[in-house]
Amino acid sequence: KHPNQQCPAERVLRTAEFIACKLAELPRVAIILGSGLGNLVDYIEDAIAIDYADIPNWGQSRIAGHSGQLIFGWLDSQPVIAMSGRFHRYEGWTTEQVSFPVRVLAAIGSHTLIVSNAAGGLNPKYRIGDIVVIRDHIDMLHGHPGQRFDYGIYPPQTRSDAPLRGASPYDQALSEKALETARLNGFPAHSGTYLATLGPTYETRAEYRFMRKIGADVVGMSTVPEVLQAQRIGMRVLGMSMVSNIARPDAPQRTDHADVLAAAQIAEPRMRAIVREAVQRSTTS
Ligand code: 6GU
């Protein structure tokens, strides 16, 4: 049978088995490394890498600088697994393909998901390199919120096991711990709302004004599909953005890859401190 004709759960289990067989221990925490957190893999001890290309049913990352590997190893003696390279809707992957890895990571035993991304700062208080702990999100990947035709493989969320309407998928205790870590380490971190667009283009000044008005603090092109999937299967989620550029009507500017790397230089040690704390926290409570 062609993989795409298997039932989705069957594909998840097949992939989870392939990965789990290569691991010394099953990680309780999974991390999706966005731009800005990629260097975290250098701090994972006794790391083993599995190329996306070798994993059955897995997509292959097409973006330069996204290596496309699963990294398993230890962070302060806790087993973790990290996705280096993620899938974006604007690359042409479906929502199901973008969120498939989350189902696999949950199937191998991860109960906590830490997601990171680089985003544009809409909130005028934010500076490049600041960390934003995601409190909630606005999903505009499909147009306006509610226009979610490509979540069609999931049943309508009216069942008793569906997430609460209006509930944030982001774990409050983990988020508070992240903000506390920032305070203790003396670096700026905000609690904010992430708005996801399809991309791949940035926005106009009028669009930034609109996004700010509807309550968004940062804007990016990822994260939401994975987080919704994690929420659906009951994982604890910690989401973080690093402000890679300013997205404001009064500050028209170009952003190039060098700017994003410079922001990442500032944000990476900050994100690393938060991740280490969250890993400790989610394995002790
Ligand atoms: Cl300004 N907009 C969007 N949609 N995504 C971004 C961004 C802006 N900056 C980083 N990612």
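A crossing of two helices counts as left-handed if the near helix is turned anticlockwise from the far one by less than a right angle, and right-handed if clockwise. With that in hand, here's helix α2: it passes α5 in a right-handed crossing. Keep in mind that this is a predicted model, where local features need pLDDT of at least 70, side-chain atom pairs count only at pLDDT 80 or more, and totals for chains, interfaces and linings use all residues. Residues are numbered from 1 along each chain as its sequence is written, and side-chain values use heavy atoms, with hydrogens and water left out.

**Helix α2 against α5**

- Helices (H or I, at least four residues) and strands (E, at least two) are DSSP runs, numbered from the N terminus.
- The axes of α2 (residues 95–107) and α5 (residues 224–232) come within 8 Å and cross at roughly 50°; that makes α2 oblique to α5, since angles under 35 degrees count as roughly parallel, over 145 as roughly antiparallel, 65 to 115 as roughly perpendicular and the rest as oblique.
- Axes here are lines fitted to C-alpha atoms, for helices over the stretch in contact, and angles run from 0 to 180 degrees between N-to-C directions.
- On the α2 side, T95, V98, S99, V102 and R103 meet P225, E226, Q229 and A230 of α5 (contact means heavy atoms within 4.5 Å).
- Sorted by class, that contact has 4 nonpolar, 3 polar and 2 charged residues (Ala, Val, Leu, Ile, Met, Phe, Trp, Tyr, Cys and Pro are nonpolar, Asp, Glu, Lys and Arg charged, and the others, Gly among them, polar).

**Helix α1 against α2**

- Helix α1 (residues 8–20) packs on α2 at an angle of about 55°, with the axes 9 Å apart, and that makes α1 oblique to α2.
- This crossing of α1 past α2 is right-handed too.
- From α1 come P8, A9, R11, V12, T15, A16 and I19, and from α2 come E96, F100, R103, V104 and A107.

- G199 and P200 are joined by a cis peptide bond, with omega about 5°.
- You'll find P200 in the loop between β7 (189–197) and α4 (205–213).
- D46 isn't a glycine, yet its phi is positive, near 50°.
- D46 sits in strand β2 (residues 45–51).
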